[in-house]
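Biologist: Hi! Could you walk me through this protein while I look at it on screen?
Modeller: Happy to, just ask as you go.

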Amino acid sequence: MRHTISVLVDNKFGVLARVAGMFSGRGFNIDTLNVAPTQDPTLSRITAVVKGDDTTLDQITKQLRKLINVIEVKDFSQGQSVDREMVLIKLGADSGNRSEIMQICDIFRAKIINVTADSVVIEITGDDGKINAFLELLAPFDIQELARTGKLAMAR
């Protein structure tokens with residue numbers, strides 16, 4: 001089962017390394033990891049998506065709370081949070097397939113943010129289901145590059 005964990009930490013050098021080290025040192029794999037400062041520049045929020053059962057999740061949260069510079073740890077169960085992910089996709093595109101790509105983008109409310117003679121760069125934001133469905137429709141096209149932010153989550 002996938003769990004989304006939000007960790008509020010001091011925005012200091014080495015904190016991310018300690019948090020990531022805790023995961024790897026105990027054999028926990030991180031599916032996605034996102035880190036950025038909050039509205040308070042002295043704090044950062046780490047959002048991690050991990051796989052495991054409830055026992056594993058309990059162990060992760062307890063270990064995180066023991067770390068220096070960790071202020072708060074939240075486990076977001078399904079329905080308790082709002083989450084989004086952003087993806088940038090570079091597709092090979094010519095005059096023959098550009099209109100089809102634009103139609104798919106319109107359906108998913110994705111934005112074309114760069115166009116060249118032989119490619120387009122698309123930005124899409126949404127939950128896992130929306131992102132995966134969009135990528136599935138784009139699979140037949142020439143995906144040249146893809147970058148995903150990982151999940152961001154906030155309590156409702």
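Biologist: In which order do the elements of the protein run from the N terminus on?
Modeller: They run β-α-β-β-α-β-β-α-β-β-α-β-β. Helices here are DSSP runs of H or I with at least four residues, strands are runs of E with at least two, and both are numbered from the N terminus. This is a predicted model, in which local features need pLDDT of at least 70 and side-chain atom pairs count only at pLDDT 80 or more, while totals for chains, interfaces and linings use all residues. Residues are numbered from 1 along each chain as its sequence is written, and side-chain values use heavy atoms, with hydrogens and water left out.

Biologist: And how many helices and strands does the secondary structure come to?
Modeller: It comes to 4 helices and 9 strands.

Biologist: What is the mean pLDDT of the protein?
Modeller: The mean is 92, and 99% of the residues reach 70 or more. pLDDT is the predictor's confidence in each residue, from 0 to 100.

Biologist: Where is confidence lowest, and where highest?
Modeller: The lowest is in strand S9 (residues 152–155), with a mean of 87, and the highest is in strand S7 (residues 119–126), at 97.

Biologist: OK, sheets now. In what order do the 4 strands of the open sheet come?
Modeller: The order is S2-S3-S1-S4, with antiparallel pairing. S2 and S4 are the edge strands, each pairing on one side only. From one strand to the next, the twist averages 15°. Two strands pair if DSSP finds at least two bridges between them.

Biologist: How many bridges join S1 to S3?
Modeller: There are 9, between S1 and strand S3 (residues 43–51), and the two run antiparallel. On its way through that pairing, isoleucine 5 has alanine 48 as its bridge partner in S3, serine 6 has threonine 47, and aspartate 10 stands opposite leucine 43.

Biologist: What about S1 and S4, how many bridges there?
Modeller: S1 is joined to strand S4 (residues 70–76) by 6 bridges, again antiparallel. Serine 6 stands opposite lysine 74 in S4.

Biologist: And how many bridges do S2 and S3 pair over?
Modeller: Strand S2 (residues 30–37) pairs with S3 over 7 bridges, in the antiparallel sense. One of the partners is leucine 33, which bridges to alanine 48 in S3. A hairpin of 5 residues joins S2 to S3.

Biologist: How many residues of S1 are buried?
Modeller: For S1 (residues 2–10), 8 of its 9 residues are buried, and for S3 the count is 7 of 9. Buried means under 20% relative accessible area, exposed means over 50%, and partly exposed is in between (1.4 Å probe, protein chains only). Over the whole protein, buried residues make up 40% of the 156 residues.

Biologist: Which strands does helix H1 lie across?
Modeller: Helix H1 (residues 15–25) lies across S1, S2 and S3, and runs at about 15° to S3. Axes are lines fitted to C-alpha atoms, for helices over the stretch in contact, and angles run from 0 to 180 degrees between N-to-C directions.

Biologist: Switching to the helices: at roughly what angle do the axes of H3 and H4 cross?
Modeller: Helix H3 (residues 98–108) and helix H4 (residues 128–138) cross at roughly 170°, and their axes come within 11 Å. H3 is therefore roughly antiparallel to H4. Angles under 35 degrees count as roughly parallel, over 145 as roughly antiparallel, 65 to 115 as roughly perpendicular and the rest as oblique.

Biologist: Which residues in H3 and H4 meet?
Modeller: From H3, Ile104, Cys105 and Phe108 meet Lys130, Ala133, Phe134, Leu137 and Leu138 of H4. By class, that contact has 7 nonpolar, no polar and 1 charged residues. Contact means heavy atoms within 4.5 Å. Ala, Val, Leu, Ile, Met, Phe, Trp, Tyr, Cys and Pro count as nonpolar, Asp, Glu, Lys and Arg as charged, and the others, Gly among them, as polar.

Biologist: Last one: is glutamine 63 buried or exposed?
Modeller: Glutamine 63 is buried, with a relative accessible area of 16%. Its place is in helix H2 (residues 54–66). Leaving aside neighbours within four places in sequence, glutamine 63 is in contact with Met22 and Arg26.
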